[in-house]
Amino acid sequence: MSRAAERSAEWIYRGIWLFLVQCFRVPNGPPKLPEAMMGNLQVFHPSRKYLSYMKAYFWVGLLLIDVAILVGWVAIYLLDSTAGWLLAVPALLIAVVPDIVAYIAIHLRYDTIWYAVNNRGLYVRRGIVVICEHTITLENIQNVSVKRGPIEQLFGIATVVVETAGASTGDGESSIMVGNQTIMVGLDNADEVRELLMSRVRTSTSAGLGDDLARTQTSGWVPDDLELLEAIRDEVRLLR
Amino acid sequence: MNVDESKSDQPDPTPLDPESITRPDDALLVYYFIISLLAVVAFPIVFVPLFIRFKTMRYRFDESGVSMCWGFFFRREIYLTYGRLQDIHVTRNILERWMGLAKIPIQTASGSSGATMRIEGIRDPEPLRDFLYSQMRGAKAATDSEGAATQLLRDIRDELRGLREEREAAK
């Protein structure tokens with residue numbers, strides 16, 4: 001694509017954004033995070049590779065559907081050339097319009113996924129029609145799983161699923177809207193994220209089921225304490 | 001809920017007082033009405049229970065937990081403590097966003113499917129979400145680096161580091 005085309009595409013995209021923001025009240029820009037989450041905060045989108053990953057599916061789908069439409073149209077044209085000419089424009093529309101919509105939807109989907117992590121909490125927002133936000137504290141995490149499909153491996157991304165002890169979803173409810181799973185799609189640093197979350201879970205003294213921290217606190221060391229103790233040991237070693 | 005609106009007008013909003021939330025916003029009834037209209041013929045069947053739900057819905061936030069009750073023929077009450085919260089969601093569909101409403105389904109570690117409590121009809125959900133989050137286990141907690149023991153350890157480290165640096169300088 002030439003530069004001019006690229007720039008105009010960007011303007012059109014921004015126009016669509018503005019329309020969504022004003023008419024459908026899609027929040028613009030980074031999410032409003034809990035104030036208690038402010039220290040050490042990292043806010044990020046999925047990896048750019050996730051965009052390429054979705055686009056790969058898009059191009060394959062486009063190819064299949066458009067080839068099918070073309071074959072269908074050619075068949076009609078060969079049977080009856082007037083009907084073929086009449087159907088040329090609708091067929092072209094059916095072939096092209098959904099592609100454009102899907103392409104824009106992929107970009108919108110990418111831009112509306114937000115993750116935020118700090119050393120105490122995890123926040124995920126996604127969605128255009130229904131906007132879902134999910135906030136948990138790392139203290140409540142039960143397990144973290146990393147999933148990689150074959151195509152995802154090809155693109156070097158992974159999906160991190162973080163589960164709390166909350167209820168899993170019932171019938172007819174989307175797992176994103178309600179549920180105990182926090183799904184982070186398209187991360188290219190999945191192992192780092194998993195390590196960050198799990199290190200927190202490992203040092204936690206509770207079972208993550210609402211145990212009273214104030215009580216278990218007095219007996220145990222918190223991660224910050226351990227870090228300090230290590231620093232003290234190193235200092236003493238150096239003193240000898 | 002004029003409380004939130006008046007607060008957002010102030011330049012420096014004071015933290016939300018959750019105890020002031022006792023009823024869903026009036027716009028929730030309009031929302032229920034519209035979604036009942038989608039049922040066309042079944043409108044009365046859908047709307048009447050929702051109307052009763054709206055009319056009887058009460059929230060009570062206190063210092064340790066939240067309770068919610070609704071229903072006239074079938075009364076339901078839910079009690080839970082903040083410390084046992086597991087997940088906080090905030091969901092808004094297009095209609096709710098147009099009307100400025102939000103749902104906050106929250107969950108404890110119970111095994112039942114779906115949300116434990118569905119706080120509905122909240123205008124401006126962020127302050128309430130922030131409040132719930134800050135009350136959740138592990139959100140700030142005594143484990144913070146401000147604990148007395150941690151401070152003591154930090155002092156010891158700094159003293160030792162000073163001592164070492166002095167010795168190194170003397171060499």
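Me: Which residues make the nonpolar surface patch of about 360 Å²?

Reply: A:Val89, A:Leu93, A:Val97 and A:Val101 make that patch. Keep in mind as we go that this is a predicted model.

Me: Where is A:Val89 placed, and is A:Val89 buried or exposed?

Reply: A:Val89 belongs to helix 3 of chain A, which covers residues 81–111. Residues count as exposed when their relative accessible area is over 50%. A:Val89 has 57%, so A:Val89 is exposed.

Me: Let's turn to the inside. How many residues does the largest nonpolar core have, and which have the most contacts inside it?

Reply: That core has 38 residues. Those with the most contacts inside it are B:Phe61, B:Ile106, B:Ile119, B:Leu128 and B:Leu132.

Me: Which elements give two or more residues to this core?

Reply: All of them are in chain B. The helices are helix 2 (27–37), helix 3 (43–56) and helix 5 (126–135). The strands are strand 1 (58–61), strand 2 (65–70), strand 3 (76–81), strand 5 (101–107) and strand 6 (117–123).

Me: What is B:Phe61 in contact with, leaving aside its neighbours within four places in sequence?

Reply: Its partners include B:Ile119, B:Leu128 and B:Leu132, which, like B:Phe61, are on the list of residues with the most contacts inside the core. B:Phe61 also meets B:Pro18, B:Glu19, B:Ile21, B:Val66 and B:Tyr82. There is a second, separate core too: it has 31 residues, among them A:Leu51, A:Val162, A:Ile183 and A:Val201.

Me: How many helices and strands does chain B have, and what pattern does chain B follow along the sequence?

Reply: Chain B has six helices and six strands. Reading along the sequence gives α-α-α-β-β-β-β-α-β-β-α-α. Of its 171 residues, 47% count as buried. If you take contacts in chain B between residues at least 6 apart in sequence, 45% of them join residues at least 24 apart. As for the surface, chain B exposes about 9000 Å², and carbon and sulfur atoms supply 59% of it.

Me: Now for charges. How many salt bridges does the structure hold?

Reply: Here is the general idea: side chains of opposite charge can pair when their charged atoms come close. Over all chains, the structure holds 19 salt bridges. In one of them, A:Glu139 pairs with A:Arg200, with the closest N and O atoms 3.8 Å apart.

Me: Why does the pair of A:Glu139 and A:Arg200 tie together parts that are 61 residues apart in sequence?

Reply: Because A:Glu139 lies in the loop between strand 4 (131–137) and strand 5 (141–147) of chain A, while A:Arg200 lies in helix 5 (residues 190–203) of that chain. Both A:Glu139 and A:Arg200 are buried.

Me: What about A:Asp234 and A:Arg233?

Reply: Their side chains meet in a salt bridge at 3.3 Å, N to O. A:Asp234 is partly exposed, at 35% relative accessible area, and A:Arg233 is partly exposed at 43%.

Me: Which residues are linked in a network of salt bridges?

Reply: A:Glu133, B:Arg92, B:Glu126, B:Arg129 and B:Asp130 are. Within it, B:Asp130 pairs with B:Arg129, their closest N and O atoms being 3.2 Å apart. B:Asp130 counts as buried at 14% relative accessibility, and B:Arg129 counts as buried at 1%.

Me: What is the mean pLDDT of chain B, and where does pLDDT stay under 50?

Reply: The mean is 82, and 86% of the residues of chain B reach 70 or more. In residues 1–12 of chain B, pLDDT stays under 50. The model has 14 contacts beyond four places in sequence for that stretch. The model scores ipTM 0.75 and pTM 0.76.

Notes
Residues are numbered from 1 along each chain as its sequence is written. Chains are lettered from A and ligands numbered from 1 in the order in which they are written. This is a predicted model: local features need pLDDT of at least 70, side-chain atom pairs count only at pLDDT 80 or more; totals for chains, interfaces and linings use all residues. Side-chain values use heavy atoms; hydrogens and water are left out. A nonpolar core is a set of buried Ala, Val, Leu, Ile, Met, Phe, Trp, Tyr and Cys residues joined through side-chain atoms within 4.5 Å. Buried means under 20% relative accessible area, exposed over 50%, partly exposed in between (1.4 Å probe, protein chains only). Helices (H or I, at least four residues) and strands (E, at least two) are DSSP runs, numbered from the N terminus. Contact means heavy atoms within 4.5 Å. Accessible areas come from the Shrake-Rupley method with a 1.4 Å probe; for residues, only the protein chains shown count as cover. Patches are made of residues with over 30% relative accessible area and no salt bridge: like charges are joined within 9 Å, nonpolar side chains (Val, Leu, Ile, Met, Phe, Trp, Tyr) within 5 Å. A salt bridge is a side-chain nitrogen of Lys or Arg within 4 Å of a carboxyl oxygen of Asp or Glu. pLDDT is the predictor's confidence in each residue, from 0 to 100.
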